Amino acid sequence: MAVQTYGDISPRTAAFAAKKLLSRGQDMLVTERFGHFDPQGKKKSKVRKWRRYESLTPATTPLTEGTAPSGSSINYTDYTATLGQYGDWVQISDVIADTHEDPVLMEMMEVCGEQAAETIELLRISVLKAGTNVFYASGVANRAAVNAPPTRGDFRLVYRSFKRNKAMEIAKIIKAGPNIATEPVGKAYFAMGHTDLDSDIRGLVGFIPCEKYANSDKCLPGEIGKLENVRIILTNLFAPFEAAGASGTTLLSGGVEVSSAANADVYPIIIVAKNAYGIVPLQGHNAVKPSVMNPGTVSKSDPLGQTGFVSWKTYQATAILNQSWIARLEAGATATPS
């Protein structure tokens with residue numbers, strides 16, 4: 001008996017299933033929206049390469065009449081990442097399929113879609129958290145000395161650094177949905193962090209909440225507002241560096257207020273400019289491959305056809321493309337907001 005690529009479903013049905021699988025998880029994807037996306041085609045290498053061309057030196061020397069200048073050389077930097085394969089599956093028994101009142105298959109597709117999105121989001125966050133351009137709240141020297149929540153001055157320091165290094169604001173993002181497409185947004189840098197920081201950021205002088213935007217329906221999922229030129233999006237997937245900060249403060253440590261004998265959790269806030277990092281997006285026809293095997297298929301391993309499954313599989317990669325265009329601001333989170 002021939003083995004079907006997608007289990008019990010045809011390639012055409014699989015394309016529909018892929019969209020269904022992705023739809024539940026799309027709103028969870030924060031890092032997806034701001035990366036330089038570059039889908040990997042079929043039968044390509046597992047290595048994904050991004051190339052960044054460097055700026056030319058300004059030509060400030062006057063030209064000599066009748067003599068051409070010596071010209072400039074184009075310089076570029078290549079960045080590579082090796083695609084990793086990720087996936088999982090859930091089992092469906094014939095009893096559940098026959099007796100459960102809910103549409104089990106569709107429910108399993110949605111749950112797997114959420115799992116796929118969260119998996120890829122966490123993998124990307126781990127890459128972005130490893131950047132080398134680091135700022136510490138209130139100007140302390142290192143992570144172990146962090147003993148304060150973020151301030152407006154911390155964000156201004158990052159903004160100044162970006163401007164010095166010609167980091168451009170983001171004006172287009174990847175649109176949520178199963179298809180690869182972009183949509184315009186108001187030009188800004190974007191900050192991504194943990195929801196525990198919500199009250200501290202809302203309390204900053206100059207913070208404008210989403211509901212006070214001129215067009216509030218343009219807020220992105222998870223966006224709480226903006227601080228001057230930085231729009232801020234929070235998700236609980238940006239986990240802190242646990243107990244990595246200073247002790248004897250009023251910050252969170254393991255979800256509770258720090259005592260004199262405990263160290264504060266340090267929260268990374270990732271602030272990005274245009275083309276700061278590259279991704280292979282969790283979108284498009286080949287981004288995720290679903291498979292379905294309905295209960296009732298008799299095989300050597302299941303002679304009564306009692307079980308089936310829903311599964312997903314994907315290749316993904318993320319790489320920082322310019323360390324000067326991405327910053328990690330490390331700060332604490334106030335234990336008892338005022």
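1. Is Tyr-159 buried, partly exposed or exposed? With a relative accessible area of 28%, Tyr-159 is partly exposed, where buried means under 20% relative accessible area, exposed over 50%, and partly exposed in between, for a 1.4 Å probe and protein chains only.

2. On the basis of the note: this is a predicted model, in which local features need pLDDT of at least 70 and side-chain atom pairs count only at pLDDT 80 or more, while totals for chains, interfaces and linings use all residues. Residues are numbered from 1 along each chain as its sequence is written, and side-chain values use heavy atoms, with hydrogens and water left out.

3. On confidence, the mean pLDDT of the chain is 83, and 82% of its residues reach 70 or more; pLDDT is the predictor's confidence in each residue, from 0 to 100. Over residues 1-6, pLDDT stays under 50, and for this stretch the model has nine contacts beyond four places in sequence, a contact being heavy atoms within 4.5 Å. Where pLDDT is low, the predicted coordinates should not be read in detail.

4. On the aromatic pairs, a search of the whole structure finds five; rings of Phe, Tyr and Trp (its six-membered ring) pair if their centres lie within 6.5 Å, with planes under 30 degrees apart counted as stacked, over 60 as edge-to-face and the rest as tilted. The rings of Tyr-159 and Tyr-189 have their centres 5.8 Å apart and their planes at 65 degrees, so this pair is edge-to-face. It links distant parts of the chain, with Tyr-159 in helix H5 (residues 152-164) and Tyr-189 in strand E7 (residues 182-193), 30 residues apart; helices (H or I, at least four residues) and strands (E, at least two) are DSSP runs, numbered from the N terminus. Tyr-189 is buried, at a relative accessible area of 1%. Phe-162 and Tyr-189 also form an edge-to-face pair, at 5.0 Å centre to centre and 75 degrees between the planes, and Phe-162 is buried at 0% relative accessibility.

5. On the nonpolar core (buried Ala, Val, Leu, Ile, Met, Phe, Trp, Tyr and Cys residues joined through side-chain atoms within 4.5 Å), the largest has 46 residues, of which Phe-34, Phe-155, Met-192, Ile-232, Ile-271 and Val-272 touch the most other members. Not counting residues up to four places away in sequence, the residues that Phe-155 touches include Pro-150, Ala-191, Leu-204, Ile-271 and Leu-329.

6. On salt bridges, the count comes to eleven, each being a side-chain nitrogen of Lys or Arg within 4 Å of a carboxyl oxygen of Asp or Glu. Glu-32 and Arg-124 meet in one of them, at 2.4 Å from N to O, which links helix H2 (residues 31-34) to helix H4 (residues 104-128) across 92 residues. Glu-32 is buried at 2% relative accessibility, and Arg-124 is buried at 1%. Arg-51 forms a salt bridge with Asp-78, the closest N and O atoms being 2.7 Å apart; here Arg-51 is partly exposed at 41% and Asp-78 partly exposed at 30%. Salt bridges that share partners join Lys-49, Arg-51 and Asp-78 into one network.

7. On the disulfide (a pair of cysteine sulfur atoms within 2.5 Å), the structure holds one, formed by Cys-210 and Cys-219 with their sulfur atoms 2.3 Å apart. The link is left-handed, with -130 degrees about the S-S bond. Cys-210 is buried at 7% relative accessibility, whereas Cys-219 is partly exposed at 22%.
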